[in-house]
Amino acid sequence: MKKLLLTTAILAATSVPSFAGSLDSDYQYFTAKVVSSNYDIDGVDVDRAAGFNLTVGRHLTDSNVSVEAGYSDLGESTARAFGLSADVSATTLFANAKFDYKIKDNFSAYTKLGLNRVSLEVSSGSFSETESEMKLMYGAGAQFTLTPEVSLVTDYVVYAADISALSMGVAIQF
């Protein structure tokens with residue numbers, strides 16, 4: 001019985017490094033981030049908005065490339081011009097490629113490029129207008145690895161020419 005426990009413990013201890021190595025080459029992940037969005041509308045004063053981002057991704061074997069898909073609720077803000085105000089909000093569904101650049105063992109920078117469907121809603125009183133468009137998205141960020149499975153992430157993403165967001169959150173590998 002003691003030999004069985006000892007053998008099991010040795011096998012478990014030696015398999016952990018090989019599992020950790022496989023995380024570097026091929027893995028899936030989920031990120032959850034809080035978002036601070038900026039709606040840049042010419043001649044209109046728009047407050048920053050708070051929202052969230054949920055992303056799933058898959059890191060491709062033996063490369064620095066991941067593919068991602070996700071949803072962002074970029075939050076609701078108030079726009080003011082000429083004594084009038086309106087609520088502005090946006091959501092986006094996206095798919096992108098993410099390119100990682102390892103700087104240290106537990107720190108990396110990344111860029112991303114993809115497409116997203118942005119839905120922008122403007123409403124004031126009984127008036128409401130929604131517009132949806134497919135747009136190019138791009139961004140850059142950084143990732144700090146806490147454990148082989150958990151990382152802190154932050155990035156700046158431009159979803160459309162007039163909508164950008166700064167976000168911070170956590171990534172979990174599985």
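## The turn between β6 and β7

In the hairpin built from β6 and β7, G125 adopts a positive phi near 60°. The strands of this hairpin have 2 residues between them. Keep in mind that you're looking at a predicted model.

## How β6 and β7 pair

Strand β6 covers residues 107-124, and strand β7 covers residues 127-145. The two run antiparallel and are joined by 18 bridges.

## On to β8

β7 also pairs with strand β8, residues 150-160. Again the sense is antiparallel, here over 8 bridges.

How many residues lie between β7 and β8 in their hairpin? There are 4 of them.

F30, F52, L54, V56 and F174 make a nonpolar surface patch of about 450 Å². Which strand gives the patch its largest share? That's strand β3, residues 49-59, with 3 residues.

V56 is one of the patch members, and it is found in strand β3. Its relative accessible area is 44%, so V56 counts as partly exposed. Patch residues need over 30% relative accessible area, and V56, at 44%, therefore clears that cut-off.

As background, side chains in a regular strand alternate between the two faces of the sheet.

Definitions and conventions. Residues are numbered from 1 along each chain as its sequence is written. This is a predicted model: local features need pLDDT of at least 70, side-chain atom pairs count only at pLDDT 80 or more; totals for chains, interfaces and linings use all residues. Side-chain values use heavy atoms; hydrogens and water are left out. Patches are made of residues with over 30% relative accessible area and no salt bridge: like charges are joined within 9 Å, nonpolar side chains (Val, Leu, Ile, Met, Phe, Trp, Tyr) within 5 Å. Accessible areas come from the Shrake-Rupley method with a 1.4 Å probe; for residues, only the protein chains shown count as cover. A salt bridge is a side-chain nitrogen of Lys or Arg within 4 Å of a carboxyl oxygen of Asp or Glu. Buried means under 20% relative accessible area, exposed over 50%, partly exposed in between (1.4 Å probe, protein chains only). Two strands pair if DSSP finds at least two bridges between them.
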